Every structure is written in structure tokens, then in C-alpha cells.
Amino acid sequence: MSKPRELNKRTLVASPYAVWVLAFTVLPLIVILQYAMTDAAGHLTFRHLFEVFSPIHVKAALFSLEIAAGCTVFCILLAYPMVIAMRHLGMKQRGFSLFIIILPMWMNFILRILAWQMILSNNGILNFLLGKIGIGPLQIANTPAAIMIGVVYDYLPYMILPIYTAIMEINEDLIEAAKDLGAGSFTVFRRVIFPLSIPGLLSGIVMVFVPSMTSFVVSDILGGGKLQLIGNVIEQEFTTGNDWHAGSGLSVSLMVFVLIGMAFTSVSKTEGKESVIW
Amino acid sequence: MIGKMKRAALVGVCVLLAAAMTGCGKKSGPAAELTVVNYGEYLDPDLLEQFEEETGIKVHYEEALTPEEMYTKYKSGAIEYDLVCSADYMMKKLIEEGELVQIDRSKLTYGSNIGDKYWKFSEAFDPGNKYTVPYFWGTLGILYDTTKVHGPVDSWDVLFNGEYAGEIVMQNSVRDSFMVALKYLGYSLNTDNEDEIREAQQLLIAQKPDVQAYLVDEARDEVVAGNATMAIVYSGEAYLGHEYNSDLAYVVPKEGSNVWLDSWGVTKHCDNMDAAMQFLDFLCREDVAMTNFEYIYYSTPNEAVIAALSEEEQADETLVPSDDATVNCEVCTQTDEAVTELMNELWKELKAE
Amino acid sequence: MVKKLKDHLARIYIGIIALILYAPIVVLIVLSFNDSRSRVTWGGFTFDWYVKLFSNRQIKEALVTTLLLALGSALIAVLVGVPGAVGIHAMKQKNYKLFMVLTNIPMLNADIVTGIALMLWFVHFIPLGFGSILLAHITFNIPYVILSVMPRLQQMNVSIYEATRDLGAGPVYSFFKIILPQLSGGIISGFFMAFTMSMDDFVITYFTKGAGVNTLSTMIYGEIRKGIKPEMYALSTLIFLIVLIILTVVNKVSGQRQKAKYHVDY
């Protein structure tokens, strides 16, 4: 970096955001921390923070991790071909292509998930169509597969958009140059497109993986409520359990784990930052 | 005779007062206001407008999804509700915590429309009927598809004997699921005996492989659509289910079940008791209760409304549960923190299986 | 020949993904013409729900509130988030990491935790109402804006910015002329994501809203127990069709213009 002083001045534009984070993220978080570290009588306790290690909670957390990780992987695998196909067809008019991906999400989430239930259920639309061509009926509703379909559907746009933004910005000349030098399509992807899309990919991973860790509506409706995610447990503690302390404790410890896990991503992120701004 | 005259006079006074207030309201700044919380879709919105027109009282209406969410928001002090409508056990909890104020029932002109039977039900959680006014009620039972069952459905046994494996939809709710298991085992659904509760959990765990899904609001639709043979639902849901699919029938199992009662109460934050009473009285009035009943189609405790129903409707167990059906039923009054915590833990264990 | 094959493959793939994304939408559109209050039984074809929709005051109010919230919160999230991202990007390692972690927190917390925390926090200084929901929505929207903009910042070549500064351009001028245009893709997608998140949120809205304020989400959740009112399907269908038509027209018009436009790619 040639001018660190100049860059430091640039950090000042983040001050409104810093104030916002302090007022509406950090301070409310302290409220939650306070609940997590006290019991009903208001005495200091670390019991709730360690409750995450009870076998039931570990199981729920691992299942959530499985769903979140699976969802992220499927989203990545579906998103790259999508973006490359869009680029291939010259769908570069940003607004329009973005809209096509985002428009379905403007119908209410719960309505869309209920619609999926109608598609996937035993007597549902999918089985009806499959029956017409002599297949099925398939038992998809109320299985982990249905949950996976639901979460991938829900989060796919959040993976496509950042990768799309990153890949569309790649200069066509760069790809042409690689081709002129004899690179095949796959090599162009591996050596040019993919490396340049990594910052977008990382954002996509965060936007898919992190929220899907605590989602539970999809598993309740499409999974038939037979499997328990950590999001269900936290929700239940706050509502039917009426135990804000336990709910806050679980939430805080889960947060710590995921953030530690993400520290690794954050390392590679900064590396990316250094290498791109050469 | 005197009673009748009195009532007529009162109505007259009320109408005059209402007219006067509407007049005043329009001229001199803000009139009385009420902040009301209720379940979603649990009051015909047109009635709110009608109430505002008749009385000049402005209603801020809030909807809650579950009693627990309502309680969470209420307790935070974020909104000071004047009137609360919620489930039996939640009203008990609010009474025990001193959140509700006493209502003078005799001041409700139309309070007598609510049948004695229902006042007696509410004694279970509001002894002496000091704090609450019944609103809607019903039972918990089994909604099933008559074309798919073999043999009679009159016992909770059908859910646990494995005959309908994979065709059962249970309620995704700690309370409702435990109620079913406890009643099947012959215990009280308000038990605080840990052994009984654990036995109920074992029963539910053994049943889990046979359960197609644990759903809440979608349970009814699964039976209507033919995805499941039977589901545990509330009687009001069963009525709707039957409307959409005439093959469906509803039964309150002979072992008994839960009879639930949603009621109104006035909170200690209410600083306009008159307005609150007017609101409660309004809801008890025949014409209003009728309009509301036709919007919601849950069982009403308003006998004037029941009397006006057709014979067919009166005979419908989902609309007007008979005394026979409710003979073994109990009102849920469980508010003990330790029991709630235990059931909550056991439910998590069950879900983790 | 190969090019053509690839074109077809690309079209087929986009078609499949679009099918997945739009399948439930088709179901909702069909439901909006269903002459039955139940979503699982077909009662014949009707336009009734559209007629009823227009006379439903509550839905209209909720729609206005929802759109104002989504638009307002997404706009403010962009106004706070974009400079935020630019600033964070310029920070040293340690602060950069700290801020990225803080940015993730609203996304990571279960909605109910964020909702209750904000409610307990708001109680101290503002009455719950439209304003409190707006603040809450901005809070969970900003991370999406920052995460959309950050990748572009990392790809961006800072030397152009520095070159203009060396040539005597002021920092504000350089920001608007050099940095902002390069971020536009990320800003647009961040804005849309924020807008969408706001439209969809239920739990946080529930806990931070005042009595009498409703969004479409809170209305729909309130209806689930009794069965979603078909008017909601009609409304969804209308929103979908209107946006789609506007979009297609705008695309046709701007498509001509964009071809002629000079495009800067670093």
C-alpha cells in the first residue's frame, strides 16, 4: 500500500455505520448477554452458556450445521453454472437479470413455503405430474430432502447475486486473452473466472450459511417438524418455555461458535483483499 | 318485567351516551382510546369500525400469533394493552401475576348472554369469574377422513396402536401433544406428577415413528388434501375442515380431552375502565356476537347466538359441542413453572429422537 | 456449432433454475383464482378475490406500510452501508475483522433473539410504532448491503482512485466519479436484497411494531391459523404481474440505450 495515511482518512466514512452498529447491534446484544449470564433471580451464572453442550442441543446444533453446510454447497453448485450461463448469453443488463432472480422473493416467504408444501406433499402437484408419466409417488414431504429443497430454494438468490455481481464485472478482454493463449473453457473458468469471483463467493457463503444456521420455519413446514434445529430450540425457549435466560444463553454460545468458525473465512478474506489490490 | 325495563333503559342510556360521545369526539380532540390485543383473525374487523362509530372510542388493535408471543410483548412493557384476549392458562397466569383487574360483571348489560355453563368453565382458571369474560371456546379432538379409516374412531388409541402408522398428523406444540398423551393414559392434563408426565413422554416417543408430521396451522389442510388420514385439531378447525371436504369427521375421544376457552380481561394498565367495559359489553351483544360468530365459526358461549342457529348447526359437534362430548374434558390451567420447564425439556428430547 | 450447443445448454440450465424459482409463484397465482377459501381444494375459477382485495382497507394499509418500510429501510441501509463498506475496507486488519464480525451478528442471531433484544432496547427511548420497525429493518438490512458491496471493493483497483487524487481531484469528487460507479452492481444487488429481507420479515417486525401497525407479513402470519385469505394470493399475483410488466418495458427501452453506452470495466 503506497499511502496508508490516505486510507486511514477513508475509514472515517464508516463512522455513521459504526454509530449504527453500536446503537442497534452492540447495545441490544448486551441486553441478550445480560439475560444469558443471569438466572431467573438475577444472579450471575454461566449455566446457560454451557447448556449448548447438553446432548440434545449438540444434536440440534449439528443437524443445523449439516443443513446449513449442505444448503451452502448446493447453492454454490447451482449458482456458478447459472451465472456463467447468464454471462454466456450476454445477460449483462444488470437491473433486469437481477430482477428475474429476485422477483420471486417478493412474494411472501411463508406463502412460498406453503406453496412448496403443496408441490411436494404425497398428494401434491409433483407426484401428480410424475404419476402422469408413470413414476412415483415419491415420498418427499416431511423428509430431510424436503427441508433441503426448501432451504436451497430460499437462499439460492443470496448466492447467485454476489457471484453474479463479481463475474459480470470481469472484463471480456481478459477472458479473450486467456483463450487466445490457448486456454480451454474449463481452464478459463479455473484460472480466470473463479479466482476473480472469490470475493463474491465469500459474501454469498456468509449470506447463505449464517442465516440458515438459525432458520426453522422451513424445517417445521416442509420437514413436518420431526427434526429439531437449533433455531427451533431457541425459539421454543423464548416462547413456550418462557425461559429467556436459557434462550439467550444458547443464542450467545451459538454465536460465539459460528463467529470463531468464520474467523477462518475472515482470514482468507483479508488475504484476498491484499492480493487483489496489488 | 322490571329487569326487562331496566335493560331497555340501559340500552337507551348507552345509545344516548354513545351518540353524545361520538358527537363530542368529533368536536373536541382525542376521545377515549383502547389498546386491544387478540389472536390473529379472531375478531371481524368491521366490528371494530362499528364499535368506533357507536362509541367514539378509538381502538388500537394488535394481533398476536400465540399466547406466549403476546405475553412476551406484554411483559416487556413495550405496549400497554388495556384489553387482552388469550387462552385459559395464559389468563390464569396473568391473574396470578396481578396483571388483570377485577371486572364488575353486573355492569355488563349483555353479560347474561353468556351461558352459565361457560362461566363455570372459566371458574377453572378464574374462580368467582372476577377477571375474565368468555369469548370463544371449543375442544381438542381428532379430525379424520371417514373414507380412509377402518373401524370406529372414538378413542385416542387410534393414534398410538400403530394401525395408522405414517398417516397421523400431531400438533407441533408441547402443551397439546402432552395433553393427548396424558388423557390417553387416564391422567389429568393438569398433572404435576413427574412420573405421569414422563410416562406420557415415553408414549409420545414410541409413537413418533408412526407420525407423518408435527404441524400446527397446516394440520387441518393435510387431512383436507388427503395427505394424512387423521390429525389432532381444535374443534373450530374441524368445522372448517368439514366445510372443505365433507368426508371428514371430528371426534372428541371418549377418554376425554381439553376444553379450551379464550377470554377477555382488562389489564392494570387500563385507565379508562368505562371504555373497556363498553368494549366487552359490545362483544357480548347478540347482533355483534352473531356477526363475529359468522366471521370466525368457532363455538360461541353466547346463548342468544346459539339459539338463533339452525337446527343443523346446533347439532354440529364442532360448532356446539354437546355436554356428552365434554364430560371427561378438562380446562388447561397448568401455569406451574417447574412443570412447564419439565415438559419443555421432555419435548426437546422427543424431537431429538 | 459448439457455440450453438453451448447457447442451448445455457438456456436449458437457466430454464431449470427459473422453474425452481418460479414454481411456487405459479401455484400462488393459480390459488388466487381458486373459488374456495381452502388452499388445498379447488372450487372453480373466480375473480372474486381481486374484487374483494380492492375493498379491503386493512390490506391496503398493510401494503402501504410494507412498501414504505421496505423502500425506506433499503435506502437508508444503502446510505449507511455503502460508506460503511468503503470505510471498513480501508481499515487495518484488526478493525476490519472486528467490523466484519459485528456486521454478521444481525444475520447470525435467530430472528426472535434480534426481535426481542431490539424490543427491550427500544422500550427505553422510543414508543413502538412505524419508526421502531424502520430502525429494526435498517439494522438487519445493512449487513446485506455491506456484503454485496465488499467484493467489488476488493476487486477494485485503487490506483485509479489514487491517480485522480494525484492529479488534483478532491476526495469527494474522486469518490463519486471513480469509486461509486465501480460499486454500482454491488449497490443495486444489496439494495434489492435489503428490500426483499424487509418485505419478508415477520418475527422482528412483530416484536418491534406498535398496536395497529401491520405489514403484509404480520397480516399473513395472523391468518395462518384460520387459513390464508385468498385475497393475499390475489395481491401477490398483482404485485408480481405489475413488477414484471414494468420491468419488461424498462428493459426494452434501456436495452437500446445501454448498447450505445460506454462501459468502464477497470
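Which two domains does the domain assignment give for chain B? Select residues 2-137 together with 260-315 for domain 1, then 139-258 together with 325-352 for domain 2; such bounds come from an automatic or database domain assignment.

The model is a predicted one, in which local features need pLDDT of at least 70 and side-chain atom pairs count only at pLDDT 80 or more, while totals for chains, interfaces and linings use all residues. Residues are numbered from 1 along each chain as its sequence is written, and chains are lettered from A and ligands numbered from 1 in the order in which they are written.

**Between the domains of chain B**

The contact between them involves 13 residues of domain 1 and 11 residues of domain 2; here two residues are in contact if their C-beta atoms, placed from the backbone, lie within 7 Å. On the domain 1 side, select α4 (88-96) and β10 (259-267) of chain B, each of which supplies at least two residues. Helices (H or I, at least four residues) and strands (E, at least two) are DSSP runs, numbered from the N terminus. The largest share of that side, five residues, belongs to α4(B).

**From chain A to chain B**

Next, show chains A and B: 22 residues of chain A are in contact with 22 residues of chain B. On the chain A side, the elements giving two or more residues are α4 (55-88), α11 (217-221) and α12 (230-238). That side has five nonpolar, 13 polar and four charged residues. In this classification Ala, Val, Leu, Ile, Met, Phe, Trp, Tyr, Cys and Pro count as nonpolar, Asp, Glu, Lys and Arg as charged, and the others, Gly among them, as polar.

**From chain A to chain C**

Now display chain C with chain A, where the contact takes 84 residues from each of the two chains. Helix α2 (residues 15-36) of chain A provides the largest share of the chain A side, 12 residues. By class, the chain A side comprises 60 nonpolar, 17 polar and seven charged residues.

**The largest nonpolar core**

Finally, select A:Ile160, B:Leu143 and B:Met230, the residues with the most contacts inside the largest nonpolar core, which has 268 residues. Such a core is a set of buried Ala, Val, Leu, Ile, Met, Phe, Trp, Tyr and Cys residues joined through C-beta atoms within 7 Å; buried means that 20 or more other C-beta atoms lie within 10 Å of a residue's own, with C-beta atoms placed from the backbone. Helix α8 (residues 144-168) of chain A gives the most to this core, 17 residues.

Definitions and conventions: A residue is buried if 20 or more other C-beta atoms lie within 10 Å of its own, exposed if 12 or fewer, and partly exposed in between; C-beta atoms are placed from the backbone.
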